[in-house]
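This report describes how the chains of a model meet one another. The sequence and structure come first, and the text then goes through the interfaces in turn.

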Protein chains: 4
Amino acid sequence: MAYDAVKMKDWQISEAAEENMPTPDEWREKLNLQKDEIIPYGRLCRLDFMKIIDRLKAKKDGKYIEVTAITPTPLGEGKSTTVMGILEGMGKRGLNVGGCIRQPSGGPTMNIKGTAAGGGNALLIPMTEFSMGLTGDINDIMNAHNLAMVALTARMQHERNYDDEQLARLTGMRRLDIDPTRVEMGWIIDFCAQSLRNIVIGLGGRMDGYTMQSKFGIAVSSELMAMLSIVRDLADMRERMDNITVAFDKKGKPITTGDLQVGGAMTAWMRNTINPTLMCTAEYQPCMVHAGPFANIAVGQSSIIADRIGLKMFDYHITESGFAADIGFEKFWNVKCRYSGLKPHVSVLTTTIRALKMHGGGPKVVAGIPLPDAYNKEDLGLLEKGLARAALYPRTGPTAAMAPWN
Amino acid sequence: MAYDAVKMKDWQISEAAEENMPTPDEWREKLNLQKDEIIPYGRLCRLDFMKIIDRLKAKKDGKYIEVTAITPTPLGEGKSTTVMGILEGMGKRGLNVGGCIRQPSGGPTMNIKGTAAGGGNALLIPMTEFSMGLTGDINDIMNAHNLAMVALTARMQHERNYDDEQLARLTGMRRLDIDPTRVEMGWIIDFCAQSLRNIVIGLGGRMDGYTMQSKFGIAVSSELMAMLSIVRDLADMRERMDNITVAFDKKGKPITTGDLQVGGAMTAWMRNTINPTLMCTAEYQPCMVHAGPFANIAVGQSSIIADRIGLKMFDYHITESGFAADIGFEKFWNVKCRYSGLKPHVSVLTTTIRALKMHGGGPKVVAGIPLPDAYNKEDLGLLEKGLARAALYPRTGPTAAMAPWN
Amino acid sequence: MAYDAVKMKDWQISEAAEENMPTPDEWREKLNLQKDEIIPYGRLCRLDFMKIIDRLKAKKDGKYIEVTAITPTPLGEGKSTTVMGILEGMGKRGLNVGGCIRQPSGGPTMNIKGTAAGGGNALLIPMTEFSMGLTGDINDIMNAHNLAMVALTARMQHERNYDDEQLARLTGMRRLDIDPTRVEMGWIIDFCAQSLRNIVIGLGGRMDGYTMQSKFGIAVSSELMAMLSIVRDLADMRERMDNITVAFDKKGKPITTGDLQVGGAMTAWMRNTINPTLMCTAEYQPCMVHAGPFANIAVGQSSIIADRIGLKMFDYHITESGFAADIGFEKFWNVKCRYSGLKPHVSVLTTTIRALKMHGGGPKVVAGIPLPDAYNKEDLGLLEKGLARAALYPRTGPTAAMAPWN
Amino acid sequence: MAYDAVKMKDWQISEAAEENMPTPDEWREKLNLQKDEIIPYGRLCRLDFMKIIDRLKAKKDGKYIEVTAITPTPLGEGKSTTVMGILEGMGKRGLNVGGCIRQPSGGPTMNIKGTAAGGGNALLIPMTEFSMGLTGDINDIMNAHNLAMVALTARMQHERNYDDEQLARLTGMRRLDIDPTRVEMGWIIDFCAQSLRNIVIGLGGRMDGYTMQSKFGIAVSSELMAMLSIVRDLADMRERMDNITVAFDKKGKPITTGDLQVGGAMTAWMRNTINPTLMCTAEYQPCMVHAGPFANIAVGQSSIIADRIGLKMFDYHITESGFAADIGFEKFWNVKCRYSGLKPHVSVLTTTIRALKMHGGGPKVVAGIPLPDAYNKEDLGLLEKGLARAALYPRTGPTAAMAPWN
């Protein structure tokens with residue numbers, strides 16, 4: 001169906017474009033994949049990472065393009081829109097291009113921010129699945145993560161209720177002597193549940209858990225999500241799954257998921273997350289969605305796994321660094337690339353006249369309030385001052401606007 | 001692959017049988033479905049309820065067979081195994097048979113009970129997906145349910161922090177005046193998290209929620225799960241989604257999800273759950289898995305939706321009533337069938353010599369401890385006493401062993 | 001000053017009568033006490049129990065008169081007023097009479113009930129001191145009791161924070177292994193503090209106590225108050241002070257104040273409470289006030305100590321049993337007298353026509369609502385039925401109205 | 001009894017000296033007081049402030065001597081010992097001298113610090129009463145303070161449970177709309193109860209208070225204790241008692257004890273605290289004890305009231321500033337004296353060679369560990385450096401060693 005992307009809202013564009021979205025079989029053909037390398041999930045697919053990387057391991061990588069943005073105004077400057085636009089532009093020129101972006105959290109999606117990757121015709125589709133659950137990775141993380149907390153609190157309850165002899169007889173376990181004042185891990189839920197940030201748990205009686213202070217964080221802040229963005233493969237994930245510090249014992253020694261003997265079950269819940277989800281732009285260029293760690297408390301990048309197979313499948317693979325050049329771009333170079341060993345060929349710095357003016361000293365920009373006049377009329381002086389700071393804001397590491405390397 | 005079901009463990013049987021599991025295309029052909037009536041999810045599929053029921057609405061229903069069990073010993077008497085066995089037996093005779101059972105909760109699965117539907121060759125496959133997540137229904141229920149709690153607690157926080165004028169200006173809402181001592185709804189998580197049963201939430205500061213006592217229950221105990229088992233269709237679900245009582249206001253009037261204006265978003269999270277998941281026995285007879293409410297606090301049945309399409313797709317559709325004849329069987333007849341308007345043709349009462357002896361006055365059976373001698377040798381007297389009580393234990397409603405109706 | 005007790009309010013009667021209250025020196029002379037046997041406390045005095053009992057131990061006891069009441073209507077039938085009236089009546093006849101009643105709790109005093117012992121001219125004075133603090137016994141109990149809780153929670157904190165070796169080195173103590181789910185003792189405060197009934201304590205960090213559920217009760221419900229009413233002397237108190245069960249350890253063994261090594265410090269806080277406070281009626285007959293345990297959860301009697309010296313100092317010593325014949329009277333005979341070995345000569349059963357009618361089947365009497373008509377007109381039938389139940393309500397033990405024994 | 005103060009422990013000195021302590025009658029004569037200006041409390045007395053100040057208001061004040069100390073080493077340098085020594089020294093010379101110091105808190109007394117004012121023969125007696133309860137002021141503060149908290153939490157409970165109409169009908173009160181996240185006042189208890197520092201209160205049901213975070217502080221940190229040290233008289237106390245901010249309402253307006261209508265009852269509990277307690281040195285010079293606010297969170301001084309009557313009764317009245325010159329001395333001049341309008345004639349700066357050496361740069365002094373060698377041998381250089389800092393440490397306000405003013 002033809003549609004008018006200028007007059008339509010994003011969700012209308014998405015719905016119109018979804019009508020001709022490639023089927024799994026069409027994707028398989030388009031991406032030169034083997035039959036079992038693509039796994040359908042409703043209207044989406046997962047790509048079987050292990051099979052693809054194994055088959056293509058000898059193939060030369062494509063060009064690695066990274067998109068970041070100037071430190072944004074509160075309105076956002078359009079990093080994902082740039083990614084979608086580049087995908088569509090290069091795709092229109094007949095180039096074999098693909099990319100990967102991060103999965104959004106249910107927290108912002110259900111708040112004011114809402115969700116969409118891109119906008120207008122430079123849009124990732126289908127929007128509904130993207131915004132609500134995708135193929136289940138965040139739910140898997142939630143179950144795996146909270147299982148560790150169940151194991152931890154059950155262990156503390158048993159160690160409190162039983163003496164050494166009873167503990168050994170009833171659970172076959174030795175005492176871990178967890179210090180309840182040094183439990184580092186909390187529970188997760190994928191909403192902005194302010195009421196669960198600081199809680200007291202384990203009230204009731206002897207069989208109602210261990211009484212202590214605890215907390216819920218947003219699911220994507222889980223160490224498991226950070227892990228998903230940097231693991232090399234399933235074996236790496238399994239190994240790391242035993243090494244999460246959940247608390248300290250009374251002598252100050254870390255207690256890990258391995259000590260709780262829960263790493264295997266956690267990996268079982270996470271088994272499908274290793275395979276990136278395949279989506280596409282409104283013009284049907286392939287774009288994976290994989291991992292969604294925040295940049296403030298984690299690496300802020302989509303996964304190394306997705307980039308690894310993207311660089312095999314596409315001549316040009318685009319990835320994105322959140323939140324912006326002052327944090328995500330820095331972590332892309334100094335954390336993600338050091339883990340992956342991959343070297344980008346180009347970094348794109350998304351910016352706007354508005355952001356440059358603000359960095360040049362323009363008046364404060366506030367979401368939900370009309371833009372100050374300075375942003376609606378030409379002011380080359382302000383712009384010039386701001387340009388000098390476009391590359392200055394990212395305070396550490398390599399910085400540039402459209403700076404080529406290699 | 002041929003395999004020896006006698007010598008192998010359940011998970012080995014499942015793995016062996018999985019190798020030849022029908023693909024979505026094969027299921028489509030086998031079940032005479034249209035292309036878009038079957039939706040692949042990894043190795044599983046969902047059946048598009050609305051499309052199937054709409055296409056087949058004029059078709060005459062098949063025979064409706066219900067399986068329950070005698071009030072069980074702590075070891076369980078094998079209700080699901082009986083369902084799988086009947087499916088395989090009737091399938092071997094060339095009959096067009098299918099069924100539906102309930103989805104298990106992550107709580108028991110991760111505890112001693114573990115999970116499997118059936119055992120030996122009378123097994124539902126693939127076991128891994130069955131035990132861990134299926135196609136995501138419980139996760140969807142968790143997100144939809146907890147979203148209501150986020151809306152409730154956020155509302156309480158806002159109403160506490162703002163006066164009427166501020167509240168209207170900032171949120172556009174009138175005051176609901178929720179009584180914090182009469183909040184009925186809790187949060188859910190799909191584990192047996194004893195530590196979260198009784199909690200205090202909303203500690204911290206002004207923006208950290210509303211301070212009150214709260215609770216987490218197991219996910220399958222959610223009213224949404226009860227609802228999923230009895231809704232007629234998506235419109236019915238949407239309507240019910242506004243009518244969940246979450247609390248009472250200070251005058252004693254119920255506050256609903258509709259008052260919180262969250263029913264639409266909850267339904268959005270639940271949108272896929274309306275479509276039953278398709279699995280099969282180790283001999284590849286089709287068996288849906290849909291809804292998993294507990295029988296003690298809810299109806300204890302798989303869904304009306306699955307039975308409705310099962311009766312259209314199969315000449316014989318088998319369903320199961322948990323936990324046993326004294327509770328699930330009763331609720332099948334007096335709740336589920338009254339809602340659905342469907343009339344069973346046969347009820348099967350699963351029993352064992354062991355259970356009959358116990359009901360006849362035999363010594364206590366305890367899980368994890370060797371069976372008392374009385375159960376290992378012939379005792380016809382005990383058996384006779386027990387037989388008289390096979391049909392007596394279900395204290396209300398119609399009761400019988402293999403009793404035909406209609 | 002002469003005053004008109006009919007027209008004046010109780011507090012006005014008290015203030016008028018206070019002007020001629022005996023001084024400590026006058027009391028000494030009046031009661032034939034030695035110089036250091038009477039200890040002034042502002043307008044009140046304490047009697048030095050140990051000195052008095054030691055000096056008079058060979059003297060024959062006076063007559064022991066006990067006052068109780070019919071199970072009361074919600075309006076109260078006037079037990080204390082009867083005590084004050086008997087004291088004044090016998091005093092007017094020139095008899096050497098004195099008595100002892102219980103100290104009121106700050107909880108009821110600060111609520112609707114307010115406080116006064118007696119009313120009209122049959123009043124205990126000075127009212128202010130009687131209502132607010134007396135000579136400090138309840139405060140002493142509060143400090144002694146809460147000190148045990150501080151010791152308990154500090155011990156739990158240290159045992160949690162340190163391993164065996166650190167614990168021994170830092171505190172010189174072995175591990176008590178207190179089970180936090182079996183802490184029996186709570187804190188006390190002498191108000192009806194509903195907000196402190198169920199609390200969670202020990203939040204914050206490592207040095208902020210032990211995280212657990214706890215509770216505050218009203219001060220007079222303390223075991224120390226119960227103890228004060230039945231101890232024989234200071235040595236008995238010291239011994240009992242080590243035997244209070246505060247919790248159980250993980251093997252189910254009681255943990256006592258003695259285990260916490262806090263009995264000595266508690267006794268130090270309680271050192272003055274052993275000496276009864278001396279007050280008087282509005283007509284200056286002596287009346288001690290000593291101990292104030294509730295009858296529902298404790299013995300409901302003033303102290304054995306006060307009765308012991310009262311019987312030495314007075315020819316007639318009057319004591320009172322709260323709440324009424326169905327509970328306090330019973331406990332007087334079967335608990336207090338068995339501990340003391342003292343034998344009453346007379347019991348007085350206070351009653352009213354109103355209470356007798358109510359027990360005879362009259363309509364419900366509610367505080368704050370006008371009396372039903374049945375109570376305002378003669379109804380001998382109702383009265384007769386009620387009379388039969390005056391002595392029936394106290395279901396166990398000896399019962400009577402003005403029944404003489406010996 | 002003669003005793004050897006060099007060989008005896010403080011408590012033995014106290015016990016020996018107590019044998020000849022003046023009786024109330026002897027104090028009356030010695031201090032030229034009227035009969036009802038001195039009120040006995042066991043072995044102690046209170047001085048009736050209102051009567052004394054009223055009778056002597058025209059009399060010229062004596063000399064006002066203030067004692068403070070160099071910023072101390074952790075071992076303390078002996079401020080109170082200096083006060084007792086000066087009292088005894090001037091007394092021996094036949095001068096009419098008296099003084100006033102602060103009441104100690106039960107928290108430090110029951111911890112490592114223990115309690116005593118002075119040491120050796122320069123000792124305040126009787127020690128037992130001084131350490132444990134005195135004449136009840138801290139208990140009175142505890143009851144008055146916690147009564148405000150009971151009123152506050154009861155009000156919050158009622159406002160939560162009832163709508164405007166019910167509230168007016170049941171309590172006769174308008175809604176205060178207290179913001180539970182801005183309750184400033186906590187409860188008090190006179191021990192170092194770490195477990196009660198951070199608590200959650202109001203758990204249970206509808207009648208079990210208002211659910212919120214709360215806290216217990218040590219009793220002497222109460223605003224009532226700060227108030228006691230600076231009030232001019234009972235009328236001033238009553239007025240201030242209505243002006244304590246307990247919380248803020250939802251518009252940010254302070255809620256006071258006056259709003260809770262509890263100021264009168266609080267003052268009633270505090271009625272006796274207005275009268276300073278009279279004690280004496282081991283050589284029987286009079287020394288009052290009145291008020292005990294901490295210097296870190298309050299004024300750190302004994303009361304203006306005691307100084308006012310001390311200056312009338314004695315030719316030389318000595319008072320003390322805690323903790324030391326860098327905080328209490330500063331507050332004495334800039335807070336206490338500005339409130340009282342009194343002008344000191346001399347300030348005494350207590351110091352030790354040890355403290356001077358430490359301030360001169362000597363090694364760290366730690367309680368419970370042997371003194372470093374530098375403190376056991378002569379080191380005039382270190383001493384000289386320290387001397388320059390004796391008057392420097394108090395960073396603001398007038399500072400001096402034995403500096404005369406006026």
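This is a predicted model: local features need pLDDT of at least 70, side-chain atom pairs count only at pLDDT 80 or more; totals for chains, interfaces and linings use all residues.

**Chain A with chain B**

Six elements of chain A each supply at least two residues of the side that touches chain B: the strands β1 (38-41), β8 (187-189) and β9 (199-201), and the helices α6 (127-131), α7 (137-161) and α11 (263-270). Among these, α7(A) gives the most, with eight residues. Sorted by class, this side of chain A has 24 nonpolar, 14 polar and four charged residues.

In terms of contact, 42 residues of chain A meet 42 residues of chain B. The area buried between chain A and chain B is about 3600 Å², and carbon and sulfur atoms give 63% of that area. Two salt bridges are counted between chain A and chain B. A:D208 and B:R197 form a salt bridge in which the closest N and O atoms are 2.9 Å apart.

**Chain D with chain C**

Which residues of chain D and chain C meet in a salt bridge with an N to O distance of 2.8 Å? They are D:R197 and C:D208, joined through their side chains. Across the interface of chain D and chain C, the rule finds two salt bridges and 19 residue pairs in polar contact, both residues at pLDDT 80 or more.

The side of chain D that touches chain C draws at least two residues from each of β1 (38-41), α6 (127-131), α7 (137-161), β8 (187-189), β9 (199-201) and α11 (263-270) of chain D. The largest share, eight residues, comes from α7(D). By class, this side of chain D has 24 nonpolar, 14 polar and four charged residues.

Chain D has 42 residues in contact with 42 residues of chain C. About 3700 Å² is buried between chain D and chain C, with 63% from carbon and sulfur atoms.

**Buried area by interface**

The size of an interface is often given as the accessible area lost when the parts come together. The table lists that value for each pair of chains described here.

| Interface | Buried area | Share from carbon and sulfur atoms |
|---|---|---|
| chain A and chain B | about 3600 Å² | 63% |
| chain D and chain C | about 3700 Å² | 63% |

Technical notes
Residues are numbered from 1 along each chain as its sequence is written. Chains are lettered from A and ligands numbered from 1 in the order in which they are written. Side-chain values use heavy atoms; hydrogens and water are left out. Contact means heavy atoms within 4.5 Å. Buried area is the accessible area (1.4 Å probe) that two parts lose on being put together, summed over both. A salt bridge is a side-chain nitrogen of Lys or Arg within 4 Å of a carboxyl oxygen of Asp or Glu. Helices (H or I, at least four residues) and strands (E, at least two) are DSSP runs, numbered from the N terminus. Ala, Val, Leu, Ile, Met, Phe, Trp, Tyr, Cys and Pro count as nonpolar, Asp, Glu, Lys and Arg as charged, and the others, Gly among them, as polar. A polar contact is a pair of N or O atoms within 3.5 Å; within protein, one must be able to donate a hydrogen and the other to accept it, and residues adjacent in sequence count only if both atoms are side-chain atoms.
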